[in-house]
Every structure is written in structure tokens, then in C-alpha cells.
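Trainee: I'd like to learn how to read a structure like this one. Could we go through it together?
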There are 2 protein chains.
Amino acid sequence: MDQFFRSRDGGASPLDSARAVRPAARKARPAIRAENERALLEAAEQVFAEEGFGGATTAAIARRAGVPKANLHYYFVTKDALYRAVVERVLTAWLAAAASFDGSDDPREALAAYIGAKMDLARAMPLASRIWSAEIMRGAPMIQDFLDTTLTDWVAARETSVRRWIAAGKLKPIDAKVLFYMIWATTQQYANAAHEMATLNGGRPLDDAAFERAKRQVIATIVDGVTA
Amino acid sequence: MDQFFRSRDGGASPLDSARAVRPAARKARPAIRAENERALLEAAEQVFAEEGFGGATTAAIARRAGVPKANLHYYFVTKDALYRAVVERVLTAWLAAAASFDGSDDPREALAAYIGAKMDLARAMPLASRIWSAEIMRGAPMIQDFLDTTLTDWVAARETSVRRWIAAGKLKPIDAKVLFYMIWATTQQYANAAHEMATLNGGRPLDDAAFERAKRQVIATIVDGVTA
DNA sequence: TATAAGTTTGACCAAATGGTCAAATGACGT
DNA sequence: ACGTCATTTGACCATTTGGTCAAACTTATA
């Protein structure tokens, strides 16, 4: 995973090796450490999602996690490292969802599974999803390597599938990238614009039933829109 | 327009009256003022788009505009007011694009016109579009009134059109809101994720021809996906 | 050209920022 | 019980932040 990350200045990062997150731990206290890192990551996710990387402050994150700021810096040496750890979690989830594209040889099934997984991801991890979107909007300073390697390869491979489906007369002659951009945008929307949706829903967030209806409609629209 | 805006603390804003932007101007020098405000807004758009509201600094904006920071504060009393002015520009453009939905009684034509207009907006004003998305992602602290009033009304009215089209058998039985979320997300994507798209395009931004192809495919997918 | 207003700008400020440090505290194996 | 090392934390720091101010400078007009 770490190979996807580089520090914002492009130079070597103290996190280039996973171990480096913790200060040379010979006898780490796993329970304490795990709980503190969890609380800090959860707080960081909230603050980064609300304020963006630049607007978030380590003081606000520490306050929300209920620890002194110095303790935050004990577990995550810099704000950058903490942010990186948060982004890393989303990346893992992103890759898991991506795998669901490959469960079927039928484009309708593959697309439905993938769109459904991405919708569920946006629903289950709205804060992390928003951070992911914000990271991409800002030009992906933290995940450029992921874009250049894993994502490029993933898209290229799926483009091949799409071309095969087109040749088999199962899909219209579409550009696979445009299709993926549409899927990514539409599914992310359910995390990014949750507040806007709530406003247009009479001030209440989408309940589970409404979300499931939306998921079905999104799947149906895209699938029907691209199948021949 | 000003009725859409409220200050971040919800209290009265010095910008609630348009005139208040400038310090009691009896004999403003229009040429100088217009040029300075233009340069500052352009610089602000770049910096806000790159860094987000929280990450942007007035010093960086002033530097990019080529004026001393104190001069920035002469034209825009606070960072908040400058941000508000930037958002106001996008709102105007958003409303103009929205109008293109109403040019036809046929859903295929109305949707094609609206999606095309939103695509063109994302292409023509990518920075402003990104700021708009970021604003919505952050819970719309600046445009809540717009969401509550104009947008709510706009969506409600178009939902009526959609229902009529469904009853006439021209559209599948869809939820109009879900359709609009999809349109907003997909079109915004061409501003928000321009960098990601460039990476997947071999490092080069989409050229005009590729963009026009994408526009056609987006329109075709959505229209074919929702028409009966 | 005097004047009154609009404009420009360097110097300044209090508060907040990310980060450091050393001393104190706690837990665990022996 | 003790030594060791992980953990905790208040105090501290240099820098940056948004914003202010008063003095200087411009320009239209009487």
C-alpha cells in the first residue's frame, strides 16, 4: 500500500516504510496504541472531511479525539502522516469495491455489482469517501502514485473487458473511461452531497429505503444507458 | 442574489447589501476598482480551488493577484467576503445552465440541453465549479439559503415535469431527484476530477474533441437510461 | 493648482498554527 | 520490588494567520 504514497513535496517520506509510523517500537503496548490510533483516525476523518486538509488543525483533531495535542504528535509525527493514514483506509476500501467488478462475465451483472459496491461504500464510509473526493479534486497530491500505477492498470484492464462486450454486441460502442467517470461521480455523490440531498429531502438524511431505491435507479439508469 | 448568502456564523453579514462590499463609495474609480476586483477574484478562484477555503490564505491570493495583502483587504473586507464573491459568480452560472432545462417539452431534448449546458459549464469554469462542489461537500455553509429556497423550488418544479413525462409514458418510473443527483455529479466530475482524467489520459488533459465525445456519451447514457 | 476623495502600502498586532521537549506517569517482565 | 521503556502532558517556540492602521500617493474636478 505504501508505494502509493509520497509526501507532498515529493521527497522521501518518514512513512515510506509502514513501521515508521510508530517511533521505533520495541515493546509497543498494542491495546493502548490501537485504541489511541483508532480514536485519532476517527477524529481526523471527521475534521478532514469537514474542513479539508488545509482547514483542519491538529488541535481540533486532538480535541475531538479527547487527547492532548502532544499525544497526537506522539502517534502521528505530522499532520501529513495522519492525513496519509486516513487516506490509506479509503484506498483499501476503494480497492475492495473495485474487485466486485470482476465477479461476472456479463456486463449487466458486472456493472450492477460494481455500482452497488461503490454506492454501499459511499453510504458506509461517507466521511472517508468525501476525503477521497477532496483529494482527487485537489489534484491528488497524496495518491498520484496510485493513479499512475494501480488505477491506470485497473482501468486499462476493464477497458479490454468493455471492448470485448462491445464486440459481442452486449454494450453500445462507448468509451469505458467515460463510463467509469460517470460511475465514480454518481456513487461518490451519495457521500459528497449528503447534506444537499438531506436539504432537498425536507431536511432529513436519506433513510435506508430511499437509499436502496436510489441505488437501484442508479444501477438501472447506467446499465440501461450503456447496454445495446 | 445576496439573499442566498449568509455569513458562516449565521449572523448578519456585511455583504447582505451588495453595496457594502466597497467602503462607502461616493466617487469610486470604476476602471481601477473593476480591474483590481477582477484580478483578486481570479486569483482567489485559483487559490480557493487548489487549497479549499480553509487552506487558502489571503497572503497567497494577494501574491497571485500581484497586490499587497492590505490592498486585498481594501477591496474585500474579509477572506469570507472574498470567498462569497467567488461563490456568487458560480451561482449565477449555475442558474443560467439550469434555465436550459426548460427549452423543450420533450424529456430527451430537455435533458440533453441541460446536461450539455452543465458539461459546458464544468469545462468553461473548472475552478469555480470545483469551489461549488467543495462548498456542497462541506455542508454548504455559504449557500444554505440557496439550497433551501431557489434550489428546492427548482427541483420541485422539475419533478412535476418528470412526473408528467412518466405519466405520458415517455420516461421510466424514476425518482427525479435521483436523476438530478446523477446529472450534477457526472457533469461536475469533468471539473472536479480533471486531474485524474488527465492522468488516465496519458498525462494530458482532455482535448476539445475528447470532451465533446464524452459529453455526447454522458447525454446518451442518461437519456437512454431513463426514457421508456 | 488646491482640494477632496479614492487608492496604495509597509508596518504592525493578537491569535492560532504545526511541532518540540523534558519531565512525569504507567505498565510489564523479571 | 524494581528497572525499563512505552506513554502522557503542560509548557514552550518560531512562524503564519487574518486583519488593522495611518501615512503616503493619485486623480478628477472646481
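Trainee: Let's start with one residue: is E45(B) buried or exposed?

Mentor: Before we look, remember that this is a predicted model. To decide, compare the relative accessible area with the cut-off: under 20% counts as buried. E45(B) has a relative accessible area of 12%, so it is buried.

Trainee: Where is E45(B) found, and which residues is E45(B) in contact with, leaving aside its neighbours within four places in sequence?

Mentor: You'll find E45(B) in helix α1 of chain B, which covers residues 30–55. Once neighbours within four places in sequence are set aside, its contacts are V86(B), R89(B), L127(B), A128(B) and I131(B).

Trainee: What about M125(B): where is that one found?

Mentor: M125(B) is in a loop of chain B, between α5 (107–124) and α6 (126–137). Leaving aside neighbours within four places in sequence, M125(B) is in contact with R89(B) and A93(B). R89(B) is also one of the residues in contact with E45(B). Now try a distance: the C-alpha atoms of M125(B) and V90(B) are separated by 8.3 Å, though these residues are 35 apart along the chain.

Trainee: Okay, next topic: how do I read two packed helices?

Mentor: Two packed helices are described by the angle between their axes and the distance between the axes. The crossing of α8(A) past α10(B) is right-handed. On the α8(A) side the contact is made by V178(A), L179(A) and M182(A), and on the α10(B) side by A214(B), Q217(B), V218(B), T221(B) and I222(B).

Trainee: And which rotation superposes chain A on chain B?

Mentor: A rotation of 180° does it, with 0.0 Å of shift along its axis and an RMSD of 0.0 Å. That is the relation of a two-fold axis. In chain A, the residue that comes closest to the rotation axis is G225(A), with its C-alpha at 2.0 Å. The copies meet through the same surface, because 100% of the interface residues of chain A are also interface residues in chain B.

Trainee: Last one: what is the mean pLDDT of chain A?

Mentor: The mean is 90, and 87% of the residues of chain A reach 70 or more. Watch residues 6–26 of chain A, though, where pLDDT stays under 50. For that stretch the model has 30 contacts beyond four places in sequence.

Technical notes. Residues are numbered from 1 along each chain as its sequence is written. Chains are lettered from A and ligands numbered from 1 in the order in which they are written. This is a predicted model: local features need pLDDT of at least 70, side-chain atom pairs count only at pLDDT 80 or more; totals for chains, interfaces and linings use all residues. Side-chain values use heavy atoms; hydrogens and water are left out. Copies are superposed by least squares on the C-alpha atoms of residues with pLDDT of at least 70 in both. Contact means heavy atoms within 4.5 Å. pLDDT is the predictor's confidence in each residue, from 0 to 100. Helices (H or I, at least four residues) and strands (E, at least two) are DSSP runs, numbered from the N terminus. Buried means under 20% relative accessible area, exposed over 50%, partly exposed in between (1.4 Å probe, protein chains only). A crossing is left-handed if the near helix is turned anticlockwise from the far one by less than a right angle, and right-handed if clockwise.
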